[in-house]
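User: I have a protein model open and I am new to this. Could you show me how to read its features, one at a time?

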Amino acid sequence: MYTYMVRAVRADEWASVKALRLLALRDPAAPIAFLETYEVAVERPDAFWQERAAGAAEGAAGVRQFVAEAEGGQWAGTVTMLVEEAGTVDWAGFPVERRQGHVVGVYVRDEWRGGGMTRALLDAAVDWARELGLERVRLIVHEENLRAQGAYRKAGFIPSGRTVPLGPGVEEAEYEFVLEGAGASDR
């Protein structure tokens with residue numbers, strides 16, 4: 001089995017952040033896993049990726065991107081945690097009732113799937129949420145993305161019962177999964 005280390009990205013790693021995101025957006029599950037398309041992302045200027053990496057790097061407030069770095073330096077997977085403040089409105093227009101983390105951008109390269117990397121990435125993100133004192137962590141997953149739902153359940157996330165519509169006139173929906181307390185004892 002290959003070994004890897006999960007860590008926060010550094011601001012100067014913007015080219016690697018870009019490359020892994022573009023790879024994720026080429027994955028067959030991308031249309032139901034991400035709200036962004038490859039065609040849009042590939043056209044973004046380097047300044048966008050530089051700002052994105054800096055804004056989610058070690059030491060940044062409100063967002064943290066984690067990567068699983070394999071021996072030899074290859075980035076094998078990633079997850080990003082957004083901090084949502086109570087009293088605000090989330091990306092779907094729902095009120096945020098309490099301070100919480102929101103997991104986004106979960107991706108693991110094909111050759112690394114099934115070996116626990118998704119869990120390790122989620123654990124790192126949840127540990128950071130716990131350090132911040134967040135009350136819970138949530139994520140949104142497409143109703144047809146059963147592989148991801150299984151991985152999230154293994155990591156301790158459970159469906160909250162909230163369904164998030166993808167947009168007006170769209171029949172597909174996504175489900176909210178939560179991890180209450182964001183503590184390691186909950187996992």
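Analyst: Start with one term. Contact means heavy atoms within 4.5 Å. Now apply that to Glu36. Beyond its neighbours within four places in sequence, Glu36 is in contact with Arg21, Leu25, Ala41, Arg44 and Arg52. Keep in mind that this is a predicted model.

User: Where is Glu36 found?

Analyst: Glu36 sits in the loop between α2 and α3.

User: Is Glu36 buried or exposed?

Analyst: Buried means under 20% relative accessible area. Glu36 has 13% relative accessibility, so it counts as buried.

User: Which side chains make polar contacts with the side chain of Glu36?

Analyst: Two arginines can be named here. The Glu36 side chain makes a polar contact with the side chain of Arg21 at 2.9 Å. It makes another with the side chain of Arg44, also listed at 2.9 Å.

User: Ala41 was on that contact list. How do I read that residue?

Analyst: Ala41 belongs to helix α3. Its relative accessible area is 0%, so Ala41 is buried. Leaving out neighbours within four places in sequence, its contacts are Leu22, Leu25, Glu36 and Trp49. Sequence and space can also be compared. Ala41 and Arg21 are 20 residues apart in sequence, and their C-alpha atoms are 8.2 Å apart in space.

User: What about charged side chains in general?

Analyst: Side chains of opposite charge can pair when their charged atoms come close. Such pairs are listed here as salt bridges, and the structure holds 20 of them. One of them joins Arg7 and Glu13, with the closest N and O atoms 2.6 Å apart.

User: Are Arg7 and Glu13 buried or exposed?

Analyst: Arg7 counts as buried because its relative accessibility is 12%. Glu13, at 10%, counts as buried too.

User: Which parts of the chain does the salt bridge between Arg138 and Asp90 link?

Analyst: First the pair itself. The side chains of Arg138 and Asp90 meet in a salt bridge of 2.7 Å, N to O. This pair links distant parts of the chain: Arg138 is in strand β5 (residues 136-142), while Asp90 is in the loop between β3 (75-84) and β4 (100-108), 48 residues apart. Both Arg138 and Asp90 are buried.

User: How does the salt bridge of Glu180 and Arg136 read?

Analyst: The side chains of Glu180 and Arg136 meet at 3.7 Å, N to O. This pair also links distant parts of the chain: Glu180 lies in strand β7 (residues 173-180) and Arg136 in strand β5, 44 residues apart. Glu180 is partly exposed, at 36% relative accessible area. Arg136, at 11%, is buried. Salt bridges with shared partners join Glu84, Asp90, Arg98, Arg136, Arg138, Glu176 and Glu180 into one network.

User: Which residues make the nonpolar surface patch?

Analyst: Leu35, Trp91, Leu166 and Val170 make this patch, of about 380 Å². Take Leu35. Its place is in the loop between α2 (30-33) and α3 (38-42). Exposed means over 50% relative accessible area. Leu35 has 65%, so it is exposed.

User: How confident is the predictor?

Analyst: The mean pLDDT of the protein is 90, and 95% of its residues reach 70 or more. Over residues 183-187, pLDDT stays under 50. For that stretch the model has 12 contacts beyond four places in sequence. Where pLDDT is low, the predicted coordinates should not be read in detail.

Terms used
Residues numbered from 1 in each chain as written. Predicted model: local features only at pLDDT ≥ 70, side-chain atom pairs only at ≥ 80, totals over all residues. Heavy atoms only, no water. Patch = residues over 30% accessible without salt bridge, like charges linked within 9 Å, V, L, I, M, F, W, Y side chains within 5 Å. Areas by Shrake-Rupley, 256 points an atom, 1.4 Å probe, with all protein chains shown as cover. Salt bridge = Lys/Arg side-chain N within 4 Å of Asp/Glu carboxyl O. Helix = DSSP H or I, 4+ residues; strand = E, 2+ residues; numbered from the N terminus. Buried < 20%, exposed > 50% of the residue type's maximum accessible area, 1.4 Å probe, protein only. pLDDT = per-residue confidence, 0-100. Polar contact = N/O pair within 3.5 Å; in protein donor to acceptor, adjacent residues only side chain to side chain.
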